[in-house]
Amino acid sequence: IKVSTTGYHILHNEHGVDAFPQHRYVPSAPGFPASAFALPLVSNAVPTGFAPTSPAPANPFVTLSTHGPYGPQFPQPGRAQCAVPPPVCEKSTYRTLDGSCNHLERPQLGMANTRYGRLLSPRYADGVSAPTASVTGQDLPSARLVSLVIFGEMDVPDPEYTLINMQWGQIMTHDMSMQAGGTQSKKHPTRCCTDDGRLVGLDTAHKTCFAIIVPDHDPVYSQVGTECLNFVRTLTDLDARCPDYRGGPAEQLTTVTSYMDLSLVYGNSIQQNSQIRAFQGGRMIVERRNGADWLPASRNVTGDCDAIEPTEVCYTAGDIRVNQNPGLTILHTILLREHNRIAGELAKLNPHFDDRTLFQEARKINIAQYQYISYYEWLPIFLGAENMLKNRLIYKVPEKAPVNDFDPSIDPSVINSHATAAFRYFHSQIEGRLDLLSELRSVLGSLRLSDWFNRPGIIEVGDNFDSLTRGHSTQPEELTDINFDREIKHFLFRRNMPFGSDLRAIDIQRNRDHGLASYNDFRQFCGLRRAQSWEDYTDLIDRAIVEKLKTLYPSHEDVEITVGGSLESHVAGALAGPTFLCILTEQFYRTRVGDRFFFENGEKYVGFTPDQLAEIRKASMARLVCDNGNNIQSMQQKAFLLVSPSNPVVPCSNIPQVDLTKWIDKKPHYGK
Ligand code: HEM
């Protein structure tokens, strides 16, 4: 533990590497983030006519054996796995599947089944693992109540960005982290509430239960008498009895690799990968139906999907969450098809390559394109290009020039406050209506999101795959603001019931479950002024909202980072306020420089040749969609941006392509 310049304790991540580098962080816009008052801020509240739409009232694992399709990654309730790094690292040209040995001296860094990182010490009620309580000793307001009173549910389309922007974010999220013990597909076998929404008595409830209490007079749930939303705590190193747990505060485990390595496509272990890999021509397994390639079928349809019949469509991929919503499943399919497309091209160009070389080279190119799109096309929208350049998350360099910024002192682990608070702010972008569009971009129909959670078969019906993909790249996402779509606020995973759960309430409850440091702590940590009173929050949060917070929380010190961070006015040029922007920037800095295999690294054994790198830098979201739809003929060049006179829909042939001839047997070390 180090004391920062602000006097706050900064926790090193587990391995004692870099903490928040106050010396490194460069303000984005003038004055950022040192003085909140100098910030060019953009309000994220709805400017006019805003009124809260709701009145403020006063183990998937039981059934899955550890030898299931996902291998040892899915433990029994109350038991989680702790990663076991290999004793010695082999120096390889390619990434491992479980993330081990990316860092050669600390092979466990960024591995699947390790702890999230922390920026600030946890704030558990008992100092060890109990969910955060109020600093006053009183009860915190119900997370559902906070969701209802503070967050709106207005439908405000974004004036600039398409829905595929939101969908790519979920892909990145699923690549980077997954809290241990959770499921987003099947109803959780640990029941903290009965099926008709009553609280299970504390004496009988499982020890991981932390149900969300629905307030009296809830405008939605009171209609059906729901008093309780199921919520199961994330498993920690303490629960898992990790051999290196040495007492002290528990740390949550994440079951996927932290790296941006398309683990959601390839899996998080050799075992998981071998179930979805064809072992022929470097390809991944696909199933051919109606002239198109689809993700392979799950072997546990009724377990992995919201399915009644084992014959229903339900997929398997490198990530169990693949079936969660149609847009997610479509991007999974596109990334899988892209792998096989690349493998097929490479096989033609290099007939002497064996299956393993083809697989690893195609994987390496697929990951590189994905990292390029994420860092150079997607992240600038969220974090601001200027902020990213200043903080060395991206570079302006000649097209063939590598950037050798791997830093072995940086821990690439996904930071708890990033995954549990900051990155979830973008749940605000979710749209509950999914449009189906023709090639001419006329609306053919639309789907209601909550009808299709964990029911992916809809993407194979008729022309839906292409129509939905065109819809996602044409229709606007929801504005990034304090509103969360009703489909996720009252109908999440409703499974044919009138109502479902509330994702915003879950996000807030998860913040308490993980014992994240408070909003005020993070303000200070990010170089903003620590608030001494409610009044001090009005520098970044609308006064009317601060007034509402005041009615809910016993103290201003109780406001969670998930809540406070989501209420700040945005920094100009970014889609988040200064506190979330600080966390997000830190995360994506670590994800880049802590990854020895980052695509811009020109190191001899892991990097691309200058010619190859120049090709990777031609990749785009638009091209990815063009190449991997069933029959998509046209797309706007900037698929994350709405179609406009400066971003018109053009034939796919006009969109630059990565030229794979640059991969004709150049490297003498292929196959190692
Ligand atoms: C239709 C779209 C989406 C749905 C239905 C959805 C739903 C969910 C659910 C149910 C969880 C688990 C909540 C919990 O139990 O704590 C979750 C976690 C999360 N979501 Fe989303 N989400 C969507 C899109 C997104 C997007 C666009 C982003 C960010 C750009 C995002 C970021 C996250 C993050 C960071 C987590 C935590 C991951 C972890 O470490 O386990 N999600 N989401």
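## Overview

Of the 672 residues of the protein chain, 56% count as buried. The model is a predicted one. Its secondary structure amounts to 19 helices and 16 strands.

## Helix α2 and its surroundings

Helix α2 covers residues 143–150 and is mostly covered, since eight of its eight residues are buried. These are Ala143, Arg144, Leu145, Val146, Ser147, Leu148, Val149 and Ile150. The elements that cover them include the strands β6 (212–213) and β7 (228–229) and the helices α12 (486–489), α13, α15 and α16 (561–567).

One of these elements, α13 (residues 503–513), packs on α2 at an angle of about 125°, with the two axes 8 Å apart. On the α2 side the contact is made by Ala143, Arg144, Val146 and Ser147, and on the α13 side by Arg504, Ala505, Ile508 and Gln509. By class, the residues of this contact are four nonpolar, two polar and two charged.

## Helices α7 and α8

Two packed helices are described by the angle between their axes and the distance between the axes. For α7 (residues 326–349) and α8 (residues 355–383), the angle is about 125° and the axes are 9 Å apart. The two helices are therefore oblique to each other, and α7 passes α8 in a right-handed crossing.

From α7, the contact takes in Leu335, Glu338, His339, Ile342, Ala343, Leu346 and Ala347. From α8, Leu358, Phe359, Glu361, Ala362, Arg363, Ile365 and Asn366 take part. The contact of α7 with α8 has nine nonpolar residues, two polar ones and three charged ones.

## The annotated residue His427

An unreviewed UniProt entry lists His427 under "binding site". His427 is placed in the loop between α10 (416–420) and β11 (433–437). It counts as buried because 23 C-beta neighbours lie inside 10 Å, where the cut-off for a buried residue is 20 or more.

Apart from neighbours within four places in sequence, His427 is in contact with Phe484, Ile488, Leu503, Arg504 and Asp507. Among these partners, Arg504 also belongs to the contact that α13 makes with α2.

## A buried loop residue, Leu528

Leu528 is in the loop between α14 (519–525) and α15 (543–552). With 25 C-beta neighbours inside 10 Å, Leu528 counts as buried. Leu528 and Pro578 are 50 residues apart in sequence, while their C-alpha atoms are 8.3 Å apart in space.

Most residues other than glycine have a negative phi. Asn290 is not a glycine, yet has a positive phi of about 50°. Asn290 lies in the loop between β9 (287–289) and β10 (292–294), and counts as exposed because there are 9 C-beta neighbours inside 10 Å.

Phe493 also has a positive phi, near 50°, in a residue other than glycine. Is Phe493 buried or exposed? With 20 other C-beta atoms within 10 Å, Phe493 is buried. The loop that holds Phe493 is the one between α12 and α13, and both of these helices are among the elements that cover the buried residues of α2.

Note on methods
Residues are numbered from 1 along each chain as its sequence is written. This is a predicted model: local features need pLDDT of at least 70, side-chain atom pairs count only at pLDDT 80 or more; totals for chains, interfaces and linings use all residues. UniProt positions are given in the numbering used here, feature names are shortened, and annotations may be inferred rather than shown by experiment. Helices (H or I, at least four residues) and strands (E, at least two) are DSSP runs, numbered from the N terminus. A residue is buried if 20 or more other C-beta atoms lie within 10 Å of its own, exposed if 12 or fewer, and partly exposed in between; C-beta atoms are placed from the backbone. Two residues are in contact if their C-beta atoms, placed from the backbone, lie within 7 Å. Axes are lines fitted to C-alpha atoms, for helices over the stretch in contact, and angles run from 0 to 180 degrees between N-to-C directions. Ala, Val, Leu, Ile, Met, Phe, Trp, Tyr, Cys and Pro count as nonpolar, Asp, Glu, Lys and Arg as charged, and the others, Gly among them, as polar. Angles under 35 degrees count as roughly parallel, over 145 as roughly antiparallel, 65 to 115 as roughly perpendicular and the rest as oblique. A crossing is left-handed if the near helix is turned anticlockwise from the far one by less than a right angle, and right-handed if clockwise.
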